[in-house]
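Please read them with the coordinates open beside the text.

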Amino acid sequence: MRAPDDKPKSRIGDVLLAVEDVSLAFGGVKAINGVSFDIRQGEIRAIIGPNGAGKTSMLNVINGFYHPQQGRITFKGRTRSRMRPYEAASGGIARTFQNVALFRGMSALDNIMAGRTLKMNVNFFWQLFRRGPAMREEIEHRRFVEEIIDFLKIQDIRRTPVGRLPYGLQKRVELGRALAMEPELLLLDEPMAGMNLEEKEDMSRYILDVNEYYGTTIALIEHDMGVVMDLSDRVVVLDHGEKIADGTPDEVKRNQAVIDAYLGVAH
Amino acid sequence: MDLLYKIFIDPFMQMGGAPDLLVQTLWEGLVSGMLYALIALGFVLIFKASGVFNFAQGIMVVFAALTLVGVYDLLRSAGVTPGWLAAYLALAIALGVMGILAFAVERVVLRPLVNQPDIILFMATFGLTYFLIGFGEFVFGGNPKRMIAGELNLPSGAVEFKMAGGFVAMQKIDIAAVLIVSVMVAGLSFFFQRTRIGRALRAVADSHKAALSVGISLEQIWVVVWFAAGIVALTTGIMWGARSEVSFSLQIIALKALPVLILGGFTSIPGAIVGGLIIGIGEKLGEFYWGPLLGSGIESWLAYFIALLFLLFRPQGLFGEKIIERI
């Protein structure tokens with residue numbers, strides 16, 4: 001547990017990831033246009049904006065699903081013009097998806113174990129016979145995964161195929177899989193979409209706990225403004241692929257451009 | 001009444017009356033069932049990893065066998081002796097070619113189509129089929145070839161066993177086929193169930209983007225399964241080729257795998273084996289005991305009929321993953 005005098009703001013460190021002047025277009029449609037912002041070590045960073053603002057595209061650029069036509073991404077001091085999904089994952093970027101992307105036929109446990117893929121390195125001849133190093137490795141990973149299962153309070157569903165679970169629990173398993181990667185940066189794409197109030201509160205709690213106990217940096221997209229304002233340290237606002245505001249929740253709330261983007265403006 | 005007697009009683013009387021014939025029929029069913037299972041296995045591997053029905057599996061069998069025989073001829077005419085050395089060299093080279101094929105398919109066909117709907121990938125395997133037909137004919141010519149079974153030290157001839165009050169004859173090549181297929185199936189299911197690659201494989205089958213996000217390399221998985229399917233194809237080619245000859249018409253045996261897949265479920269390795277055995281044995285028994293009622297020749301469609309019957313009761317196949325749909 002954190003000592004009480006250790007104020008929240010002091011946990012935030014240097015820049016972990018920075019995107020500079022990133023532009024992404026699909027054919028003639030500009031999804032992201034010259035956006036720059038950074039994510040600092042240990043903070044909870046929200047990306048908000050109306051529908052079609054380019055938020056999910058931005059996450060896809062960060063973890064290498066999309067390759068921007070222009071701009072640079074600096075992660076842990078290394079600058080590149082594009083990420084590859086494998087580089088992102090092995091560099092410590094984990095993510096969840098807007099419309100839950102789980103391995104539906106597999107149990108919750110196997111889903112979370114899949115998150116350990118990159119941490120396993122015993123060669124497969126050992127694995128084949130489940131002897132020696134492979135056995136030790138499996139046990140060690142299993143222990144870690146059980147900790148996550150305890151943390152997310154999903155002990156009772158660990159053997160259930162995830163396709164059978166209700167939506168809220170699926171989202172939790174997906175978070176578990178991302179946590180199994182021991183990420184330095186966790187990208188959450190609408191972690192609370194489609195949830196009821198109680199589930200939202202649970203999820204908020206988990207996000208704060210992950211941030212606090214594991215010290216994981218979190219970037220999240222969310223539509224529920226109440227949640228965003230409560231959780232995040234800093235907020236970046238996108239609209240039509242461009243950045244219109246960046247700052248603390250209070251600053252963003254008062255920003256005229258943001259109010260216009262959300263409420264519309266008289267022309 | 002007479003018809004009912006012929007359908008429900010007479011065949012069983014015959015079975016009881018000549019148990020050696022029954023054993024003989026069962027054995028033949030077992031052998032062809034094993035070979036069907038082997039073909040089905042090639043489909044299952046690729047279906048599991050990419051959710052794609054690989055239409056090209058049949059032609060891959062032909063292509064692998066042709067490569068083996070073609071390279072062997074080439075080595076012999078280059079003066080490599082003795083025959084067995086050339087044959088095993090050719091086997092190694094054919095394996096290498098299947099590896100290159102797996103690599104090329106991943107690079108040229110699958111990678112550009114990541115995250116596309118399954119039907120697109122399915123259509124791409126059609127393209128692959130026609131490419132392999134054209135390329136195979138261009139390189140090896142269209143004439144049927146003899147499989148180099150003897151040079152690979154596969155046994156020939158038959159052995160007779162005295163059992164069940166008579167004699168049962170077994171082709172040695174069939175015994176070898178059953179043994180080789182068993183070992184191979186055991187090896188593959190072991191590999192895919194017990195290793196990390198196995199879990200990664202199932203993950204890829206379920207969701208490309210989720211697999212990518214946890215750092216599973218789609219490229220690696222696809223090369224592995226296509227290579228495994230290539231090895232299966234080569235084995236199938238050798239075994240089927242040894243029983244007849246190697247020609248492009250061999251690819252239609254792929255169609256025989258369809259009822260096996262329907263029975264066993266597209267995603268299950270044990271399912272492919274059990275399905276293959278049911279189809280193989282059912283086919284031979286049906287042909288031998290019930291065939292005469294319908295004027296014989298029922299072997300060619302009986303498999304589909306059996307599969308249809310199973311579909312009525314288990315749409316997901318015997319071992320397939322039950323499809324769960326939230327409404």
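1. R95(A) stands opposite L187(A) in β7(A). The two strands concerned, β6(A) and β7 (residues 185-189) of chain A, pair in the parallel sense over three bridges, where pairing requires that DSSP finds at least two bridges between two strands. Helices (H or I, at least four residues) and strands (E, at least two) are DSSP runs, numbered from the N terminus.

2. This is a predicted model, in which local features need pLDDT of at least 70 and side-chain atom pairs count only at pLDDT 80 or more, whereas totals for chains, interfaces and linings use all residues. Residues are numbered from 1 along each chain as its sequence is written, while chains are lettered from A and ligands numbered from 1 in the order in which they are written.

3. The pair described above belongs to an open sheet of six strands with mixed pairing, in the order β6-β7-β8-β3-β9-β10 (chain A). Its edge strands, each pairing on one side only, are β6 (93-95) and β10 (242-247) of chain A. On average, neighbouring strands of this sheet are turned by 20 degrees against each other, direction ignored; axes are lines fitted to C-alpha atoms, for helices over the stretch in contact, and angles run from 0 to 180 degrees between N-to-C directions.

4. Helix α1 (residues 55-62) of chain A packs on the sheet, touching β3 (44-48), β6, β7, β8 (217-221) and β9 (234-239) of chain A, and its direction makes about 150 degrees with that of β7(A). Helix α10 (residues 256-263) of chain A also packs on the sheet, where it touches β9 and β10 of chain A, at about 125 degrees to the direction of β10(A). Contact here means that the C-beta atoms of two residues, placed from the backbone, lie within 7 Å.

5. The domain assignment of chain A gives domain 1 (1-92 + 184-267) and domain 2 (100-182); such bounds come from an automatic or database domain assignment. Ten residues from domain 1 of chain A and nine residues from domain 2 of chain A take part in the contact. On the domain 1 side, α2 (85-91) and α7 (197-214) of chain A are the elements that give two or more residues, and the largest share, four residues, comes from α7(A).

6. As for the whole chain, chain A has ten helices and ten strands, and its C-alpha atoms fill a box of roughly 70 × 40 × 40 Å, taken along the principal axes. Among contacts in chain A between residues at least 6 apart in sequence, 68% join residues at least 24 apart.
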